[in-house]
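Hi,

Here is the structure I said I would pass on. Have a look at it first, and then read on for what turned up.

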Amino acid sequence: MNQEPLWSIFINACLINNFVLAYFLGICPFLGVSAKLATATRMGLAVMFVMLVSSTCAYGIQALLLWIDAPYLKLISFIAVIASTVQLVEMFIKKMSPTLFRALGIFLPLITTNCAILGLALFQTNKGYGFAQSIIYALGAGAGFTLALILMAGLREKLELARTPDVVKGTAITLIIAGLLSVCFMGFAGLGSSQ
Amino acid sequence: MTAEQQTTGTDEFIKGLWSQNPVFVQVLGMCPVLAVTNTAMNALAMGLATAFVLLMSNIVVSSIRGFVPKQVRIVTFILVIASFVTIVDYVIQAVSLDLHKALGAFISLIVVNCLILGRAEAFASKNGLGRSILDGLGMGIGFTFALLCLGGAREILGSGSLFDLPLFGDSFQEWVIMVLPAGGFFTLAGWLLLFNWRATRKTKSAGEVQA
């Protein structure tokens with residue numbers, strides 16, 4: 001059992017080992033929906049919610065799989081849980097806010113294939129986190145993802161007005177910005193007690 | 001079928017290598033591309049593992065495409081992919097424990113590589129077995145090639161070696177940032193710049209010829 005204190009887990013997942021900028025998880029939505037600030041915020045919150053639910057489920061599944069002694073089913077059961085959670089969120093958003101539903105478009109069902117969520121479930125079982133630790137870890141990772149997405153969206157909205165050379169337009173300039181953000185986040189490395 | 005879709009088998013194979021390269025042109029499957037390409041060896045292993053899963057899932061998806069109901073197709077595809085990834089995970093663990101440690105959770109994360117699900121949905125679920133195999137092979141090799149480009153560049157600049165063979169003398173100052181996360185973004189941006197630059201030059205020269 002891992003004895004890491006909760007605050008350290010949160011800071012670690014959110015800032016030091018930010019899922020997007022240090023682990024490269026969830027790059028597709030990070031590049032795909034970060035063009036507008038409002039969409040980015042809501043996308044971040046949706047991902048955070050899915051993370052929270054799937055992390056809780058993953059904790060239960062892991063315990064169950066250990067009990068029936070079938071660890072090779074881990075990956076398959078995790079992805080099935082995530083896919084159903086995403087389906088749930090999708091129906092919820094469609095009902096509550098059709099505008100948001102259209103704005104997120106294809107990226108909403110693609111949360112299923114957002115590696116940040118599966119990654120979270122795998123990391124927490126690898127690290128042997130307990131129940132409370134898992135939830136805090138999911139919250140931290142979700143907050144970190146939202147933070148990175150919002151920062152990126154803010155920068156890209158400013159970039160619309162800037163004059164960029166033709167060659168770097170599109171993905172290339174976005175990646176360069178992401179690289180710079182990643183360098184900035186390296187500055188947080190001294191914060192936590194452990195990596 | 002329209003005339004556009006009637007391409008030869010060779011075309012299906014070649015398009016994955018160059019004109020529709022999954023990384024440089026379609027920008028799919030970014031997460032492993034950036035995360036495990038800090039050395040050329042990791043990049044090669046990751047590329048081969050992904051290519052294998054892609055090929056196998058294309059084969060299975062294409063064979064069962066007739067009797068999978070449309071509503072549950074995505075879930076079915078994901079489960080097929082997850083099974084093959086589990087196999088790959090255990091095989092790599094058996095072959096080389098060091099490699100398994102270096103790639104870490106990213107082997108399991110092949111499941112959520114958008115490239116594989118993308119090909120299953122966009123190609124294998126609509127085409128016959130033979131063409132799906134060719135498509136899987138082409139895309140897989142194209143993906144491995146792209147990973148090698150990135151891994152090679154990052155290892156040469158960041159550690160001064162290629163496949164663990166030192167390239168420069170002792171005086172080489174390692175460009176540490178290249179093996180860190182930030183370097184991944186910069187290297188990929190660099191490659192995309194190169195591709196963009198070539199494309200714009202091509203269209204420009206074509207325009208000049210016409211004028």
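Let's start with helix 6 of chain B, residues 114-124: eight of its 11 residues are buried, so the helix is largely enclosed by the rest of the structure. Bear in mind throughout that this is a predicted model. The buried residues in that helix are B:Cys114, B:Leu115, B:Ile116, B:Leu117, B:Arg119, B:Ala120, B:Phe123 and B:Ala124. And what covers them? The cover includes helix 1 (9-17), helix 3 (40-64), helix 4 (73-95) and helix 7 (129-159) of chain B, together with helix 2 of chain A.

While you have chain B in view, here is the rest of that chain. Its secondary structure comes to eight helices and two strands, and from the N terminus on the elements run α-α-α-α-α-α-α-β-β-α. The C-alpha trace of chain B spans about 60 × 60 × 25 Å along its principal axes. Of the 211 residues in chain B, 45% are buried. If you take the contacts in chain B with a separation of 6 or more, 74% of them are between residues 24 or more positions apart. The accessible surface of chain B is about 10200 Å², and carbon and sulfur atoms account for 66% of that.

Next, the nonpolar core. The largest one has 110 residues, and the members that touch the most others are A:Ile27, A:Phe30, A:Ile111, A:Leu118 and B:Leu188. Helix 3 of chain A (residues 37-68) gives the largest share of this core, with 10 residues. Leaving out residues up to four places away in sequence, A:Leu118 touches A:Leu75, A:Phe78, A:Ile79 and A:Ile82 in chain A, and B:Ser108, B:Leu109, B:Val111 and B:Val112 in chain B.

Now over to chain A and its helix 1. The buried residues there are A:Ser8, A:Ile9, A:Asn12, A:Ala13, A:Cys14, A:Leu15 and A:Ile16. They pack against helix 7 and helix 8 of chain A.

The loop between helix 1 and helix 2 of chain A is worth a stop too. A:Phe24 is found in this loop, and its phi is near 60°, a positive value in a residue other than glycine. Is A:Phe24 buried or exposed? At a relative accessible area of 3%, A:Phe24 falls under the 20% cut-off, so it counts as buried.

Then there are the aromatic rings. A search of the whole structure gives seven aromatic pairs over all chains. One of them is A:Phe19 with A:Tyr23, an edge-to-face pair at 5.7 Å centre to centre with 65° between the planes. A:Phe19 is buried at a relative accessible area of 0%, whereas A:Tyr23 is partly exposed at 24%. A:Phe19 also forms an edge-to-face pair with A:Tyr137, this one at 6.1 Å centre to centre and 65° between the planes. A:Tyr137 counts as buried, at 2% relative accessibility. Taken together, A:Phe19, A:Tyr23, A:Phe123, A:Tyr129 and A:Tyr137 form one aromatic cluster.

A:Ser182 is found in helix 8 and is buried, with a relative accessible area of 2%. Apart from its neighbours within four places in sequence, A:Ser182 is in contact with A:Leu21 in chain A and with B:Pro181, B:Ala182 and B:Phe185 in chain B. A:Val183 lies in helix 8 as well, which covers residues 171-186, but A:Val183 is partly exposed, with a relative accessible area of 32%.

Cheers

Note on methods
Residues are numbered from 1 along each chain as its sequence is written. Chains are lettered from A and ligands numbered from 1 in the order in which they are written. This is a predicted model: local features need pLDDT of at least 70, side-chain atom pairs count only at pLDDT 80 or more; totals for chains, interfaces and linings use all residues. Side-chain values use heavy atoms; hydrogens and water are left out. A nonpolar core is a set of buried Ala, Val, Leu, Ile, Met, Phe, Trp, Tyr and Cys residues joined through side-chain atoms within 4.5 Å. Buried means under 20% relative accessible area, exposed over 50%, partly exposed in between (1.4 Å probe, protein chains only). Helices (H or I, at least four residues) and strands (E, at least two) are DSSP runs, numbered from the N terminus. Contact means heavy atoms within 4.5 Å. Rings of Phe, Tyr and Trp (its six-membered ring) pair if their centres lie within 6.5 Å; planes under 30 degrees apart count as stacked, over 60 as edge-to-face and the rest as tilted. Accessible areas come from the Shrake-Rupley method with a 1.4 Å probe; for residues, only the protein chains shown count as cover.
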